[in-house]
Amino acid sequence: MNYWLVKSEPFVFSYDDLVRDGVTRWDGVRNYQARNNLRAMKEGDLCLFYHSNEGLAVVGIAKVSKEYYPDPTAEKGDWSVVELQPYKAVQEPLTLATIKQHPMLDQLGLVRNPRLSVMPVSSDEFFIILDLCKTTI
DNA sequence: GCCAACGTTGGC
DNA sequence: GCCAACGTTGGC
């Protein structure tokens with residue numbers, strides 16, 4: 001089991017939208033590092049769902065329901081998508097400000113490379129974050 | 001292969 | 001709205 005963090009602008013696609021839709025195709029990724037992370041996801045892996053631009057917080061957990069396949073929205077280039085489904089909303093959203101204050105989370109990709117939209121999270125980091133969200137899985 | 005210019009992301 | 005960081009593009 002691997003753990004990940006995906007970012008979405010909530011006014012484009014929020015965690016509530018994921019709950020509403022039940023499953024979504026995570027398309028439109030046009031960054032090689034992010035794409036390679038999508039390709040490393042296995043069915044059943046869990047993703048922290050982070051709201052960027054607005055909210056600036058981890059708000060839920062998504063599960064990888066389908067492993068990568070070619071992005072149908074890509075007109076050219078070698079891009080991939082996965083499918084995600086809602087797993088669990090967190091009890092308390094965890095804001096970026098709080099994440100930055102936590103000494104155990106200073107290696108988190110979200111802090112070290114704020115522009116990457118799909119990134120791996122260590123299991124230690126994942127469970128620290130769940131704990132800060134007062135959430136169990 | 002280098003590097004300048006440009007575009008995008010995303011926090012503040 | 002601004003700006004820093006990063007990635008991409010394209011000329012040489």
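Arginine 25 has a relative accessibility of 35% and therefore counts as partly exposed, a class lying between buried (under 20% relative accessible area) and exposed (over 50%), with a 1.4 Å probe and protein chains only. The structure is a predicted model, in which local features need pLDDT of at least 70 and side-chain atom pairs count only at pLDDT 80 or more, while totals for chains, interfaces and linings use all residues. Side-chain values use heavy atoms, with hydrogens and water left out; residues are numbered from 1 along each chain as its sequence is written, and chains are lettered from A and ligands numbered from 1 in the order in which they are written. The model contains seven salt bridges and zero disulfides.

**Salt bridges**

- A salt bridge is counted where a side-chain nitrogen of Lys or Arg lies within 4 Å of a carboxyl oxygen of Asp or Glu.
- Side chains of opposite charge can pair when their charged atoms come close.
- Arginine 25 is joined to aspartate 27 by a salt bridge with an N to O distance of 2.9 Å.
- Aspartate 27, at 31% relative accessibility, is partly exposed.

**The pair in helix H1**

- Aspartate 17 and arginine 20 form a salt bridge in which the closest N and O atoms are 3.1 Å apart.
- Both residues belong to helix H1 (residues 15-21), where three residues, about one turn of the helix, separate them; helices (H or I, at least four residues) and strands (E, at least two) are DSSP runs numbered from the N terminus.
- Aspartate 17 is buried, at 17% relative accessible area, whereas arginine 20 is exposed, at 59%.

**The pair between distant parts of the chain**

- Lysine 134 and glutamate 92 meet through their side chains in a salt bridge of 4.0 Å, N to O.
- This pair links distant parts of the chain, 42 residues apart: glutamate 92 lies in strand E5 (residues 80-95), and lysine 134 in the segment after helix H5 (123-132).
- Lysine 134 is exposed, with 55% relative accessibility, while glutamate 92 is partly exposed, with 36%.

**Salt-bridge network**

- Asp17, Arg20 and Asp21 are joined into one network by salt bridges that share partners.

**Cysteines**

- A disulfide requires a pair of cysteine sulfur atoms within 2.5 Å.
- The cysteine sulfur closest to that of cysteine 47 belongs to cysteine 133 and is 15 Å away, so the two are too far apart for a bond.
- Cysteine 47 is buried, with a relative accessible area of 0%.
- Cysteine 133 is likewise buried, at 0%.
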